[in-house]
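Good morning, everyone, and thank you for coming. Please have a look at the structure on the screen while I walk you through a few of its details.

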Amino acid sequence: MENFQYYTPTKVVFGRGVENQTGALVKEQGCRKVLVHYGSRSAEKSGLLDRICRSLDEAGIEYVRLGGVVPNPRLSLVYEGIELCRREGVDFILAVGGGSVIDSAKAIGYGAADEGDVWDFYEKKREAESCLPVGVVLTIAAAGSEMSNSSVITNEKGWLKRGYNNDCSRAKFAVMDPELTMTLPKYQTASGCVDIMMHTMERYFNQSENMELTDGISEYLIRTVMKNARILMDEPGHYDARAEVMWAGSLSHNGLTGCGTDGGDWASHQLEHELGGMFDVAHGAGLAAVWGSWARYVAGERPERFARFAVNVMEVPAGDDDLETAFRGIRAMEEFCRSIGMPVCIRDMGIDLTEEQMAELAEKCSHFGKRTIGCVRKLTKEDMYQIYKNARG
């Protein structure tokens with residue numbers, strides 16, 4: 001196993017109706033004025049935003065609002081939020097939504113605490129030294145951003161989608177009421193479940209000696225999400241299934257499933273980021289569309305690891321040949337994705353990639369030929385192109 005640090009400073013308040021505690025939780029932070037950051041009008045129509053603001057009023061907390069976050073959150077809105085925070089003297093950001101809203105809130109927090117261009121952090125030109133404190137009221141179980149140190153933003157100039165990780169952006173608290181996720185469409189629920197699974201799978205597939213305990217947690221977490229994803233396709237109002245998935249989303253991306261590993265591969269995420277940047281697809285769906293092609297492309301580098309996944313997660317009978325077992329496990333994962341309405345190739349998302357688009361995706365994913373991705377097998381720009389081609393469908 002590898003040496004590791006495990007840092008999870010976020011206070012979690014979980015259960016029915018806990019969003020009504022938001023004002024008190026914000027007040028604990030000793031702030032003066034809050035930016036309430038959210039996405040679509042659904043937060044307003046559902047009455048959630050009114051309940052949150054009423055809770056802030058009752059706690060005597062001043063606030064301003066900024067909505068409009070979209071999936072694959074935009075840099076232009078981040079800039080708008082930074083300016084609003086500076087103008088209004090905001091010293092705390094409350095993200096009401098899912099991963100896109102939380103990621104946007106973190107980016108605003110970086111920018112409001114720094115004099116330079118926030119995009120520099122996402123381009124890895126500088127490291128953030130501070131971030132306005134962020135709190136979360138979670139409405140979508142997927143990204144795990146409520147307990148992670150990560151944020152992903154899309155720059156409309158060139159449609160570049162870039163991620164940045166820094167512990168100073170970790171949320172001070174996460175309010176998690178599974179009932180808030182019950183109105184999500186099936187597709188969004190399924191996409192979120194895949195996103196959760198992939199956060200653990202990215203860490204699981206690595207090139208290190210692994211801890212048996214971490215592997216066991218990872219394998220059970222993925223199976224738990226699969227079980228409850230199937231339930232939610234038929235019973236979207238199933239509270240216990242919603243709760244299991246919501247908590248799994250946080251544990252999948254707060255570092256727990258990476259303890260003792262080398263950090264994992266993450267190539268599937270990098271490949272999907274470019275699809276999201278170019279076509280604005282749902283993140284979990286994009287991951288489902290590329291994962292199988294990535295897995296087949298690299299499985300020969302660690303067939304025993306993929307075979308373990310096949311047996312322990314996908315419940316494929318072990319065979320004499322690890323690679324054959326690995327491929328059966330990959331097929332089983334694709335069958336699961338199909339069963340909950342997720343794509344297993346890019347064409348399943350209604351996208352017919354051209355040669356030029358595949359070349360552009362590989363160019364951007366390789367940062368214009370300046371980097372490789374992955375650790376199971378280090379992927380060059382040419383490898384990335386081939387995986388996009390294999391995933392085209």
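Let me begin with how the elements are named: helices (H or I, at least four residues) and strands (E, at least two) are DSSP runs, and they are numbered from the N terminus. What you see is a predicted model, in which local features need pLDDT of at least 70 and side-chain atom pairs count only at pLDDT 80 or more, while totals for chains, interfaces and linings use all residues. Residues are numbered from 1 along each chain as its sequence is written, and side-chain values use heavy atoms, with hydrogens and water left out.

I will start with empty space. Rolling a probe the size of a water molecule over the atoms shows where empty space is left. Here the search is made on a 1 Å grid over the protein atoms alone: a cavity is a set of points where a 1.4 Å probe fits but cannot get out, a pocket is an open set with protein on both sides within 12 Å along at least five of seven lines, and lining residues have an atom within 4 Å of a point. Grid points are joined across faces, edges and corners, and a volume is the space filled by probe spheres set on the points.

Which helix gives the largest share of the lining of the second largest pocket? That is helix α8, residues 212–234, which contributes 8 residues. The second largest pocket holds about 220 Å³ of space, and its lining residues include Y220, R223, T224 and I231, together with E244, V313, M314 and E315.

Most residues other than glycine have a negative phi, and most peptide bonds are trans. E315, however, has a positive phi of about 60° although it is not a glycine, and it lies in the loop between α12 (303–312) and α13 (322–339). Is E315 buried or exposed? With buried meaning under 20% relative accessible area, exposed over 50%, and partly exposed in between (1.4 Å probe, protein chains only), E315 counts as exposed because its relative accessibility is 63%.

Among the residues that line the largest cavity are I140, A141, T181, L232 and M246. The elements that give two or more residues to this lining are α7 (186–204) and α9 (239–253).

Now to a pair of strands, where two strands are said to pair if DSSP finds at least two bridges between them. Strand β6 (residues 150–155) and strand β7 (residues 160–165) run antiparallel and are joined by 6 bridges, and S150 stands opposite N165 in β7. The hairpin has 4 residues between the strands, and there G158 takes a positive phi near 90°. W159 is placed in the loop between β6 and β7, and its phi is near 50°, a positive value in a residue other than glycine. W159 is partly exposed, because its relative accessible area is 38%.

Let me finish with salt bridges, each of which is a side-chain nitrogen of Lys or Arg within 4 Å of a carboxyl oxygen of Asp or Glu. By this rule the count comes to 25. R87 forms one with E83, the closest N and O atoms being 3.9 Å apart, and both residues lie in helix α4 (residues 75–88), 4 residues apart, about one turn of the helix. R87 counts as exposed at 55% relative accessibility, whereas E83 is partly exposed at 42%.

What does the pair of R392 and E355 tie together? Their side chains meet in a salt bridge (3.8 Å, N to O), and because R392 lies in the segment after α15 (381–391) and E355 in helix α14, the pair ties together parts that are 37 residues apart in sequence. E355 is partly exposed, with a relative accessible area of 38%.

In another salt bridge the side chains of R377 and D383 meet (3.5 Å, N to O); R377 counts as partly exposed at 29% relative accessibility, but D383 is buried, with a relative accessible area of 9%. Finally, salt bridges that share partners join E212, D215, E219, R305 and R308 into one network.
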